[in-house]
2 protein chains.
Amino acid sequence: MNLSWGQSNSTFKLMSSELPAVKDGEVRVKVLYFSNDPTQRLWISAGQDPKRQYMPPVVKGEAIRTLGLGEVLESKSDKYAAGDVITGVFHWGDELIVPEASVSGKVDKSLPYEWYLSAIGLTGLTAYFGLQKIGQFKEGQSVLVSAASGATGSMVVLLAKHLFKASKVVGIAGSDEKCKWVESLGADVCVNYRDADYKSKIDKFMGEETFDVYYDNVGGEMLDYALTRTKRYGRIIACGAISGYNDASKMSVNCWGEIISNRLTVQGFIAFDFFSDFPEATKDIVAVIKSGKVKVDEGVHIEDVSKFENPLEKIPEVWNKLFTEEKPRGKLLTKLA
Amino acid sequence: MNLSWGQSNSTFKLMSSELPAVKDGEVRVKVLYFSNDPTQRLWISAGQDPKRQYMPPVVKGEAIRTLGLGEVLESKSDKYAAGDVITGVFHWGDELIVPEASVSGKVDKSLPYEWYLSAIGLTGLTAYFGLQKIGQFKEGQSVLVSAASGATGSMVVLLAKHLFKASKVVGIAGSDEKCKWVESLGADVCVNYRDADYKSKIDKFMGEETFDVYYDNVGGEMLDYALTRTKRYGRIIACGAISGYNDASKMSVNCWGEIISNRLTVQGFIAFDFFSDFPEATKDIVAVIKSGKVKVDEGVHIEDVSKFENPLEKIPEVWNKLFTEEKPRGKLLTKLA
């Protein structure tokens, strides 16, 4: 991943082009926010078999696909009018032509825009459906979640505790400060995986008990550990595997045998699989937020690049923080305008 | 694994002991047949956490646990009388005291004894429940099965084709001769994994199609391949992982990401999980056998050790063939008397 512009081996290149005229069923959008997601890394991996991906890869020369939020400037759609604020699948850029099919919905302007790319955006919905549909999570059960300070992980903690009424929520995160925050969201305990003894800390907290459900965002070594700490007939929610996105060797799984001997169920999913349940889920999440028990705004980190001379150049740099020590807690958003 | 007797590092040791008197709820059994199963290797692995195993490990000094078939010589049980032939969880030995709880049932003497340790024994039932309960296999679906010439795998082929009415059954086995036999059982095609291009042979046979279900008996490299060839929303039946039983490094899984991007469900199981469904399953399997479409006897290889001066010394040697080039096709039984 080379973020420097203009080098022959740079991953990203800034290009300008004239926008075509808006056609029927399309809108022209001024982008306000971009979502930054680890899964975008998969879309630009070389040598993939497109048939095995959940979305088509972004090929060389194409603009990078992203979730975003923006204002409709011009519309030839029956569903969205100029002045509407919408979310959807966008591209990195400042002004875009977006087809209706790529718009996920209109924003209720009485709610903070940021929620639409975090708590009630795809990351919040991913946490929700992972627990509900894949984990088949029931009141009183226990859950272990990795990348617990991340956009999805932090929503898992919050929803497991305050919506699904978990008995025990244990998080794994990347710093003591993040762990403290994860505990403030509702985790009974959160351990820092940079501590050599983080696993034994979890073991100590759990005693003889094992987890009903493991919500996996990272794969690799933590997954191996979790496989050995999931209850007989327990469930593994396979949501992400960030440990291997930049280095596939870190994603190898060595405790497969646990799946057999302890009759675990592992299931992969994409929140879009439950598209028709989005309205119900959104209502549930908003109700939890409005109950006042949780503060989701603390889980959003906004990088405002509008202040830079050329904001567009900053987009990949901000996104790349997801994979570095600079990764902030919760959801990382880019404010473009 | 050292099979030589009397060496200080020998894995097995022949010991004699006086049988105690039969107590209430027990029977004394003369062993006729032993089942040989890869899973026994797991029971004697060092350094395991007993809590994570589906059965207690066999500890140093204990007799090796095994499935077997024998004649009741003496009974203090209300369920089994002298003269009955029973199957159950035995130990390696020629005459044993067996508690009622370890007996799985009485043999219908009108059926061949061997069936009780193969087609309608735990291997047949494992194939049956793997497909039915874990694979949720439906008429017209396709299945890929590894170790297809093995005891379980060969029953998977047979039942998938003749009972569950698969559209396509593809097997992977260890020799051309075994593959030929697997095809005679009902596989549309079987490939020899010792051929460097066995994967492309499967790809060629399948064309653009992928598998609804992968029945995994081996783990490791074949599992990795199968993960990339299982349909979106498909199912992986995690039955065994013999690739890693003697060398854990061969069991690492590198295509975990497929589980997420293609929303696969992986589920581990043990046939005993469906204990109450055993009679129904047995009836189904017997019906297929009696239909005459399949010849299950060809899937049983009996090593008669009764001819040796000391038959007991041969027991571990026969069992170890499961892990060597000498492994015969189908179920390997030891005939002790």
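Me: How much area do chain A and chain B bury between them?

Reply: Happy to walk through it. Keep in mind that this is a predicted model. The area that chain A and chain B bury between them comes to about 3,100 Å², and 53% of it lies on carbon and sulfur atoms.

Me: Which residues of chain A lose the most area to chain B?

Reply: Those are A:Arg52, A:Trp256 and A:Ile260, which together account for 29% of what that side buries.

Me: And how many residues are in contact across the two chains?

Reply: Here, 38 residues of chain A are in contact with 38 residues of chain B.

Me: Let's turn to charges. How many salt bridges does the rule find across the interface?

Reply: To read one, look for a side-chain nitrogen of Lys or Arg within 4 Å of a carboxyl oxygen of Asp or Glu. Across the interface of chain A and chain B, the rule finds four salt bridges. You can look up A:Arg52 as an example: its side chain meets that of B:Glu258 in a salt bridge, at 2.9 Å from N to O.

Me: Which elements give two or more residues to the side of chain A that touches chain B?

Reply: In chain A they are helix H6 (220-227), strand S10 (230-238), helix H7 (257-261) and strand S11 (265-268). H7(A) gives the most, with five residues. By residue type, this side of chain A divides into 16 nonpolar, 13 polar and nine charged.

Me: How many bridges join S11(A) to strand S11 of chain B?

Reply: Three bridges join S11(A) to S11(B), residues 265-268 of chain B, and the two strands run antiparallel. To see the pairing by eye, find A:Val266, whose bridge partner in S11(B) is B:Val266.

Me: Now a single residue. Is A:Ser35 buried or exposed?

Reply: The idea is to compare relative accessible area with a cut-off: under 20% is buried. A:Ser35 counts as buried because its relative accessibility is 1%. This serine is found in strand S1 (residues 26-35) of chain A.

Me: What does the side chain of A:Ser35 make polar contacts with?

Reply: One partner is the side chain of A:Asp37, at 2.6 Å, and another is the side chain of A:Lys331, at 2.8 Å. Leaving aside neighbours within four places in sequence, the residues in contact with A:Ser35 include A:Thr66, A:Leu117 and A:Leu333.

Note on methods: Residues are numbered from 1 along each chain as its sequence is written. Chains are lettered from A and ligands numbered from 1 in the order in which they are written. This is a predicted model: local features need pLDDT of at least 70, side-chain atom pairs count only at pLDDT 80 or more; totals for chains, interfaces and linings use all residues. Side-chain values use heavy atoms; hydrogens and water are left out. Contact means heavy atoms within 4.5 Å. Buried area is the accessible area (1.4 Å probe) that two parts lose on being put together, summed over both. Helices (H or I, at least four residues) and strands (E, at least two) are DSSP runs, numbered from the N terminus. Ala, Val, Leu, Ile, Met, Phe, Trp, Tyr, Cys and Pro count as nonpolar, Asp, Glu, Lys and Arg as charged, and the others, Gly among them, as polar. Two strands pair if DSSP finds at least two bridges between them. Buried means under 20% relative accessible area, exposed over 50%, partly exposed in between (1.4 Å probe, protein chains only). A polar contact is a pair of N or O atoms within 3.5 Å; within protein, one must be able to donate a hydrogen and the other to accept it, and residues adjacent in sequence count only if both atoms are side-chain atoms.
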